[in-house]
Amino acid sequence: MTPGRPELDRGALAGIGLRLALGLPLLIWAAHAWGWDYVNLWLPWYRAVLDGVLRDFAVSSLTLVWRNGEWHVAGEFVSERLIVAHGRVLPAGVGVSASTLMAHATKHPLILAAAVLAWPGLTWRGRAARLLLSLPFLPLLAAVDVPLVLASAVGDLVSWMASPQADAASRLADWSKVLDGGGRMALGIAAAFGAAALHGWLERRLPAGYPHRRGLKTGL
């Protein structure tokens, strides 16, 4: 323990453990209960990101489907122009399908909410404020996850159709591996620290007599 750092004393650590023990099961239950509705709200945003990333393809459909006992974000994509891959030309109008687990999309809000619970030195009002300040980070987290995974899968399929023996690796494919290898958690944690920095900045900007400044106590 470090002297002068109340956020690291035994009482604070016990509080972190208690809050996580009581709160995490509730958060996980909420993700299962409302995960479909949450991800469904993001589908237009995913489509917009895919439209920007997949320049050679149009998104003909993007929806949630039940497959092999789990919900997936599934898309249908149609090439809009000739595509050259591995020395072969694929004609316009080629259709490909790609999907990824819906559960990936629910990890980011879970991490942000868990960070709010675990963060030392916050009042309950401050935790509510921190949770609200975490919301602006969700569109960025959503943009770099599901849409890029789907775009990676489309690129892999195009590569395979052109040459099944060729290496399908691409920057997007590598990014998918980063996400699956712990990148999702790292991005969520980075966003949690970003929300903490924003929280601290707001606390410093508010006048001393502001009614809600007490609730914005950060403990940093």
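**A walk through a predicted protein chain**

Hello everyone. From the N terminus on, the elements of this protein chain run α-β-β-β-β-β-α-α-α-α-α. That gives 6 helices and 5 strands, where helices (H or I, at least four residues) and strands (E, at least two) are DSSP runs, numbered from the N terminus.

A word on the ground rules. This is a predicted model, in which local features need pLDDT of at least 70 and side-chain atom pairs count only at pLDDT 80 or more, while totals for chains, interfaces and linings use all residues. Residues are numbered from 1 along each chain as its sequence is written, and side-chain values use heavy atoms, with hydrogens and water left out.

Let's begin with the whole chain. Of its 220 residues, 39% count as buried. Buried means under 20% relative accessible area, exposed means over 50%, and partly exposed is in between (1.4 Å probe, protein chains only). The chain exposes about 12400 Å², and carbon and sulfur atoms supply 65% of that; these areas come from the Shrake-Rupley method with a 1.4 Å probe, and for residues only the protein chains shown count as cover. Now take contacts (heavy atoms within 4.5 Å). Among those between residues at least 6 apart in sequence, 63% join residues at least 24 apart.

Next, please find helix H2, residues 103-118. Its 16 residues reach 22 Å from the first C-alpha to the last, close to the 22 Å expected at 1.5 Å a residue; the expected span is 1.5 Å times one less than the number of residues. Why is H2 largely enclosed by the rest of the structure? Because 12 of its 16 residues are buried. Among them are His 104, His 108, Ile 111, Leu 112, Val 116 and Leu 117.

On to the aromatic rings. The structure holds 5 aromatic pairs. Rings of Phe, Tyr and Trp (its six-membered ring) pair if their centres lie within 6.5 Å; planes under 30 degrees apart count as stacked, over 60 as edge-to-face and the rest as tilted. Trp 29 and Trp 34 have ring centres 5.2 Å apart and planes at 80°, so this pair is edge-to-face. Trp 66 and Trp 71 are edge-to-face too, with centres 5.4 Å apart and planes at 70°. Trp 66 is exposed, at a relative accessible area of 53%, and Trp 71 counts as partly exposed at 33%. Ring pairs also link Trp 36, Trp 66 and Trp 71 into a cluster.

Arg 127 has its charged end over Trp 124, 5.5 Å from the ring centre. For Arg 130 over Trp 119, that distance is 4.8 Å.

Last stop: salt bridges. How many are there? The count is 2, taking a side-chain nitrogen of Lys or Arg within 4 Å of a carboxyl oxygen of Asp or Glu. In one, Arg 184 joins Asp 145, with the closest N and O atoms 2.7 Å apart. This pair links distant parts of the chain, 39 residues apart: Arg 184 lies in helix H6 (residues 171-205), and Asp 145 in the loop between helix H4 (138-143) and helix H5 (146-162). Arg 184 and Asp 145 are buried. Arg 184 also meets Asp 180 in a salt bridge of 2.8 Å, N to O. Asp 180 and Arg 184 are 4 residues apart in H6, about one helical turn. Is Asp 180 buried or exposed? Asp 180 is exposed, at 54% relative accessible area, whereas Arg 184 has 4%. Together, Asp 145, Asp 180 and Arg 184 form a network of salt bridges.

Methods:
A charge sits over a ring if NZ of Lys or CZ of Arg is within 6 Å of the ring centre and within 35 degrees of the ring normal.
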